[in-house]
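The following paragraphs lead the reader through one protein structure, from its overall make-up to selected residues. Please keep the sequence and the model in view while reading.

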Amino acid sequence: MKRLGLAILMILAGCHTPTPTKTTTTARSPQPSAAPSVVPSPTKPPSTAPSLKGYGLVLGVDGKPAADVEVRGFLISPNGGTIIGNNGSTIISDGGGTLIGNNGGSFHLLATPTLTAITDANGRFKLTAPDGQHVNLEAVQDDTHKALQRDISGIVDGLTMQLAPTGDLTGDVKADGVTDLKGVDVYIAGTGYIAKTDSAGHFSLPHVAANTYAVTAEKLGLGNAVAEGVQVKSGLPASVTLTLVKTLPLIKTLAPTAGAPGTKVTITGDHFAAASGQILRVTFGGAEVAAPKRINDQTLEVEVPAGAASGDVVVTVGEVGSKPATFAVAKTLQVLALVPHLVVGSTPKLGVVAKDAAGKLVEGAPLAWTATGTGGSVAADGTVTAKAEGTLAVSVACGSLTATATFEVHAAPYLATVAGTSEFGTVDGPGGVARFGYPESLCVAKDGRLLVGENSDIRVIDAGGQVTTLAGGPEIGKTDGRGKSAGFQTAAAIVELPDGNLVVADVYNHALRLVTPDGTVTTIAGALGVSGTADGPGATARFNRPCGLALAADQKLYVCDGSNNRVRVVDLAKPDRPVTTLAGQTAGFADGDGLAASFKYPAGLALGPDGTLYLADQGNQRVRAITPAGKVTTVAGGGPAPTSGYANLVDGPAATARFSSPQNLAVDKAGTIYVADRYNQRVRKIAAGVVSTLAGSGDPEYGTVVFNTADGPLTTGKVGQVGGVAVLPDGTLVLGTHNRIMAIIAN
């Protein structure tokens, strides 16, 4: 309910305080109006800020002291006090200028016995207001002679009020689309003048003291209206028309803006009806909050209900609803623990995947972390400190949802199997049960899943290590379709698009394939089973063994076109997905600009944090760099691979280091480049112009397929002929090698 002045001390509607019999009008809560207009005394001008601590004086119309005049005071400005109504009920002010009743009802103001006086024979009266309170005073000789003085603050003694003939105020209340307007309250705030409209919206306020007023009309469900500056002159009629406007509850902020059922949410805004106590409803995606708590007119505290879904939050006061605000409701929660291993001294910040009922990621939900076990601890932001060998169980809660991940803590950097064994297969299930068939490529999805490209299918490892098949089957093929009905011939690279779709480089089908979240596969560039070198729209462009992909922020998709010895670009932002050639033309080795540069079976791509494109130039045994304009330079590597032995396993300065058939690359946030050095059976690292070996051991075996993968410390563990490499958000490096997914666990 709208109030335009200082808050009023009120008692429950319908509870009458004994008052003198000269008038019986019921008063309403005061609202600010124009400065009071007091008829001056002919003998003494009125004070602008009179005090009630001394005597006041009432003069008649003739200017002489008027005896037996009733003077009534109306309290305003509760200042957080507690008021006892005449019926014994307690009305508590929240201190913010609003009042909350114990029955949730509306409140009407009446004069109280302690603020009622009758002038003596000399026209004098005395009223004592509570300390710190403000009052409005009305002097009433009879219905036709009154005086009004507002906001008596107790600063100066000597108030003079002069009676004058009253005027009648009539008018009409309107509301768009409403035909029956009976029962609208019309009142002058801070006085005893109140009326109700008839069905046509007409009202009458008779015998109003001459002054300038703000006139208010309101009714629950219809809204309110205020007319400022309405003048009532002595002995003259006045009229006013008010058009009701619904006061919508207003949501300004939600804190937080996402969470699970049970999450506590603070809603700030306006018009939450703390003063009027109107019925309050709050819904989240259509589900109603059980017990919304109204702190004041601007603040609500609620708890996300169990049946909530992502969508609109609406606050409804009475019958009027707010414009909706958006809230995301998590239905599932997972700790990102795809690699359940840590090393002593590491302090990774764990990620969490929260999804709503539609499978959409929910971000910004409040989380609470706890840890048990001997291996370490977890901070409030999810940062784990691995302290000792052993196990560490880390749990996270969001509202009523919880998720737990258990980690094995190692004493030193470690090479660990995440999923799969040395056995070939396409079995789904937990990591230790799952089987893979030559995982060639890895891609870390934004929701924490690891996407794996194999000979004939696309697999998914979720945050908890569960393996499923998204598209394709155990046999190679070249068909579009959904799930197992689609066919691939070596998915050598995968990238995730902003909309959650995937693009796959299908090597021996010479095409780029689009895979939707439900596993539907379509061909978007090239033709299945048809090789070529043509640029142009995706449907007519041709590739020859596309085997590496990297996606830029501008939706440019870079493609290693292996047997064409080129790097191509697909503009995914355009409807026809045009394909152009960025660099390379014929087999060879040469740095240079665009077509002047040359490669020999470019195999893998990765984008650095500065936008530089890095390329595994497999046939040239080098790592190259390409600018967006197509300028090619050599980053590391110094020559072709021999047929056997250690000659191409050389660490040191980038220019003299040696690789053996580097197949894929990954770049971390610091710009460090990781190389899947296939035939050297090593993972190499390039940083600050120096190449070093990060993991892998055993004799390099050029040209021979071996299955020498083994968990263990980085110096003795074996990565085999590693093909895929990717960096997880926490910096952990994951590998695709033979029939396993492995991880390098380090600080």
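Two residues are said to be in contact when they have heavy atoms within 4.5 Å of each other. The model discussed here is predicted.

Setting aside neighbours within four places in sequence, N501 is in contact with V495, E496, L514, V515, T516 and P517. N501 itself is found in the loop between strand 45 (491-496) and strand 46 (502-506).

The protein as a whole has zero helices and 68 strands. Of its 747 residues, 53% are buried. Among contacts between residues at least 6 apart in sequence, 56% join residues at least 24 apart. The accessible surface comes to about 29700 Å², and carbon and sulfur atoms account for 53% of that area.

Strand 2 (residues 56-59) and strand 12 run parallel and are joined by four bridges. In this arrangement V58 stands opposite M161 in strand 12.

A695 provides an example within a strand, namely strand 62 (residues 690-695). Because its relative accessibility is 0%, A695 counts as buried. Not counting residues up to four places away in sequence, A695 touches R682, V683, L714, V719 and I744.

Most residues other than glycine have a negative phi, and most peptide bonds are trans. Against that background, the peptide bond joining A255 and P256 is cis, with omega about 0°. P256 lies in the loop between strand 21 (250-255) and strand 22 (258-259).

Positive phi values occur at H510 and Y601. H510, which is not a glycine, has a phi of about 55°, and it is found in the loop between strand 46 and strand 47 (511-515). For Y601, also a residue other than glycine, phi is near 50°; this residue is placed in the loop between strand 53 (592-593) and strand 54 (602-607). H510 counts as buried because its relative accessibility is 11%, whereas Y601, at 22%, counts as partly exposed.

Technical notes:
Residues numbered from 1 in each chain as written. Predicted model: local features only at pLDDT ≥ 70, side-chain atom pairs only at ≥ 80, totals over all residues. Heavy atoms only, no water. Pairing = 2+ DSSP bridges. Helix = DSSP H or I, 4+ residues; strand = E, 2+ residues; numbered from the N terminus. Buried < 20%, exposed > 50% of the residue type's maximum accessible area, 1.4 Å probe, protein only. Areas by Shrake-Rupley, 256 points an atom, 1.4 Å probe, with all protein chains shown as cover.
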